[in-house]
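Reader: I would like to learn how to read a model of this kind with some care, beginning with the part that a record has annotated. Could you take me through the features in turn, giving the general idea before each case?

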Amino acid sequence: METSTAQPPAKTVLRVAAISGSLRRASANTGLIRAAVEICKESIPGLQVDHVDISELPLLNTDLEVGGGFPPAVEAFRAKVRAADCFLFASPEYNYSISGPLKNALDWGSRPPNCFADRAAAILSASGGSGGSRSQYHIRQVGVFLDIHFINKPEIFTKAHQPPNKFDDDGNLIDPETKEQLRKMLLSLQAFALRLQGKTASSEQGN
């Protein structure tokens, strides 16, 4: 008689759609996303960060919605948002508020049917003196309408231009303290996203 061996349940891999609010080549905020990608590969199993490029999105104009559809770049963006389990927003602060590119992406994703609803998200920012705090709170405000569930802590407000150097000339994160803060944020996002899905991080890790 053959004896069947029960296989452990497959581990859930959460897909994180990461959106940078800066389009600049050496953007520190995009650098934060690259760092998040590497941290997950190195030390957070079950969490995969995918950078979602928003540079090709046209400015929101509902005249571009023809026959119930969207322009190709918008359709592709919305598909990536729908496929995600949770979100990571990294954005500078422009004039005390959200950057234009990020607000445009949020607006396109919100067009019916809303692509962002009922999932977890985290926000981090690299900016000037405030570290981007005011932009983060405005993103949270927009997220209320979008039904996005944000983690509350930890908060990361990276003062990009103050010593010690946080980024190199290409926008790559080089500061160990900020990397550790980012690791803790990603763990918090993972745990919250699993909780919203009715799971726990400990059960996923077999503890």
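This is a predicted model: local features need pLDDT of at least 70, side-chain atom pairs count only at pLDDT 80 or more; totals for chains, interfaces and linings use all residues.

Author: Over residues 15-156 the chain is 37% helix and 20% strand, and the end C-alpha atoms of this stretch are 21 Å apart. Helices (H or I, at least four residues) and strands (E, at least two) are DSSP runs, numbered from the N terminus. Residues are numbered from 1 along each chain as its sequence is written, and side-chain values use heavy atoms, with hydrogens and water left out.

Reader: In what order do the elements of the chain run from the N terminus on?

Author: The chain has six helices and six strands, and the order is β-α-β-α-β-α-β-α-β-β-α-α. Its radius of gyration is 18 Å, close to the 17 Å that the globule rule gives for 207 residues, so the chain is as compact as a globular protein of that length. The radius is taken over C-alpha atoms, and the rule is 2.2 Å times the number of residues to the power 0.38.

Reader: How should I read burial, and which residues of helix H3 are buried?

Author: Buried means under 20% relative accessible area, exposed over 50%, and partly exposed in between (1.4 Å probe, protein chains only). Of the 207 residues of the chain, 46% count as buried. In helix H3 (residues 100-110), the buried residues are Leu102, Asn104, Ala105, Leu106, Trp108, Gly109 and Ser110. Their cover includes strand S1 (14-20), helix H2 (72-83), strand S3 (86-90) and helix H4 (133-146).

Reader: Where is the place of serine 91, and with which residues is serine 91 in contact, leaving aside its neighbours within four places in sequence?

Author: Serine 91 lies in the loop between S3 and H3, and it counts as buried because its relative accessible area is 1%. Contact means heavy atoms within 4.5 Å; with those neighbours left aside, the contacts of serine 91 include Gly21, Asn29, Leu102, Ser125 and Ser135. The C-alpha atoms of serine 91 and serine 135 are separated by 7.5 Å, although the two residues are 44 residues apart along the chain.

Reader: How many aromatic pairs does the count come to?

Author: Rings of Phe, Tyr and Trp (its six-membered ring) pair if their centres lie within 6.5 Å; planes under 30 degrees apart count as stacked, over 60 as edge-to-face and the rest as tilted. By this rule the count comes to six aromatic pairs. One of them is the edge-to-face pair of phenylalanine 87 and phenylalanine 116, at 5.2 Å centre to centre and 65° between the planes. That pair links distant parts of the chain, with phenylalanine 87 in strand S3 and phenylalanine 116 in the loop between H3 and strand S4 (119-127), 29 residues apart. Both phenylalanine 87 and phenylalanine 116 are buried. The rings of phenylalanine 89 and phenylalanine 150 have their centres 6.3 Å apart and their planes at 55°, so this pair is tilted. Ring pairs link Phe87, Phe89, Phe116 and Phe150 into a cluster.
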